[in-house]
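Q: I have a protein model open and would like to learn how to read it. Can we go through it feature by feature?

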Amino acid sequence: MVAQYPDLITPKTPIEGHLSIEGRPIYWLRISDNPNVDEDEPEVLYDALHHAREPNSMTQLIFYMWYLLENYDNDPEIKYLVDETEMYFVPCLNPDGYIYNQTTNPEGGGLWRKNRRDNGDGSFGVDLNRNYGYEWGYDNSGSSPHTGSQTYRGTEPFSEPETQAMRDFCNAHEFQIAMNYHTFGNLLIYPWGFSDSPTPDALTFNSFADVMTRENNYLAGTGTETVGYTVNGDADDWMYGETETKPVIFSMTPEVGSSGGFWPAEGNIIPNCLNTMLMNLTTANLVHIYGVVEEAN
């Protein structure tokens, strides 16, 4: 991407001061018209692969990045968004888990979810999306204290270097909206995760979700309204709820794809990517003056 579009995207850069449990960098990139300069423009964040077995979360992000770069010169909307917005990308927050799946299942199909922390009792891994600091460990149904659980939350908030990296990255910027991509279910989930109580900005989240899902018809709502359960210590609640170290981030979790589980058939990958395109573009639009015009009946 950088070789073809050096004036629109930065080289991939490690989040400073943080490596994964196994010592791998966690990379970020920025797409903008002056990508190597941090300008005074609205900032949005797209990330993927908190959970290692959800590769289509990253695939659709890379698809979207190529779309922005390839259409900058011929699509006025894309040019406006790239010129007037700083779009940040963290395509793989859990590199160790992702490489582990690649190692055990090189043709695809690996189902390792967590990071690769040695818990010291024969088990491995912390669920990164239960390790954030807002309402961490609120109860034992939205996350687990047991090391062998798929939703093991770790020993304390931000115990993991991967979530520390995301915390510090957010604190160093002023993201207005974040999309924490997962798979699967064709869902768009927003806070609160830890409880069924509405946030003070529930109407705003609902309005955002309405315009984001107007083509893909993803089911939108809180955790209970979508996946049918609550979670705690997740990225959305921290990004939205933590306001002492950073501004409020309207953070949401799309769950990409409905068929094929975590490893959809090859023929479903591009359709899944296309189904998130308007959602991604709308995310960038929403930090500007934006509305949807509907014809009167």
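Q: Let's start with a pairing. Which residue in strand 2 is the bridge partner of leucine 19?
A: It is proline 25. Keep in mind that this is a predicted model. Strand 1 and strand 2 run antiparallel, and three bridges join them. The two strands form a hairpin with five residues between them. In the turn, glycine 23 has a positive phi of about 90 degrees.

Q: How do I read the whole sheet? In what order do the strands lie?
A: Start with a general idea about strands. In a regular strand, side chains alternate between the two faces of the sheet. Now the case here. Eight strands make an open sheet, in the order 1-2-4-3-5-8-6-7, with mixed pairing.

Q: Which strands stand at the edges?
A: Strand 1 (13-19) and strand 7 (219-221) do. Each has a single partner strand, so one side of each has no neighbour in the sheet. From one strand to the next, the twist averages 20 degrees.

Q: Which strands does helix 5 touch as it packs on the sheet?
A: Helix 5 (residues 202-212) touches strand 5 (175-181), strand 6 (187-189), strand 7 and strand 8 (250-255). The direction of helix 5 makes about 40 degrees with that of strand 8.

Q: How should I read two helices that pack? At what angle do helix 1 and helix 9 meet?
A: First the general idea. An α-helix has 3.6 residues a turn, so residues three or four places apart point the same way. Now the pair. Helix 1 (residues 55-71) and helix 9 (residues 277-285) pack at about 65 degrees, with axes 10 Å apart. Their crossing is right-handed. Helix 1 gives Gln60, Phe63, Tyr64, Tyr67 and Leu68 to the contact. Helix 9 gives Met277, Asn280, Leu281 and Ala284. By class, the contact has seven nonpolar residues, two polar and no charged.

Q: And how far apart are the axes of helix 1 and helix 8?
A: They are 9 Å apart, and the angle is about 65 degrees. Helix 1 passes helix 8 in a right-handed crossing. On the helix 1 side are Asn56, Thr59, Gln60 and Phe63. They meet Ile269, Ile270, Asn272, Cys273 and Leu274 of helix 8. This contact has five nonpolar, four polar and no charged residues.

Q: What does methionine 252 touch?
A: Leave out residues up to four places away in sequence. Then the list includes Ala178, Met179, Leu188, Ile189, Phe205, Phe208 and Asp236.

Q: Which residues of helix 3 are buried?
A: Pro95, Asp96, Gly97 and Asn101 are buried. Their cover includes strand 2 (25-31) and helix 4.

Q: Is glycine 108 buried, partly exposed or exposed?
A: Buried means under 20% relative accessible area, and exposed means over 50%. Glycine 108 has 26%, so this residue is partly exposed. Glycine 108 lies in the loop between helix 3 (95-104) and helix 4 (161-171). The C-alpha atoms of glycine 108 and tryptophan 263 are 7.2 Å apart, while 155 residues separate them along the chain.

Notes: Residues numbered from 1 in each chain as written. Predicted model: local features only at pLDDT ≥ 70, side-chain atom pairs only at ≥ 80, totals over all residues. Heavy atoms only, no water. Helix = DSSP H or I, 4+ residues; strand = E, 2+ residues; numbered from the N terminus. Buried < 20%, exposed > 50% of the residue type's maximum accessible area, 1.4 Å probe, protein only. Contact = heavy atoms within 4.5 Å. Axes fitted to C-alpha atoms, helices over the stretch in contact; angles between N-to-C directions. Left-handed = near helix turned anticlockwise from the far one by under 90°. Nonpolar A, V, L, I, M, F, W, Y, C, P; charged D, E, K, R; others polar. Pairing = 2+ DSSP bridges.
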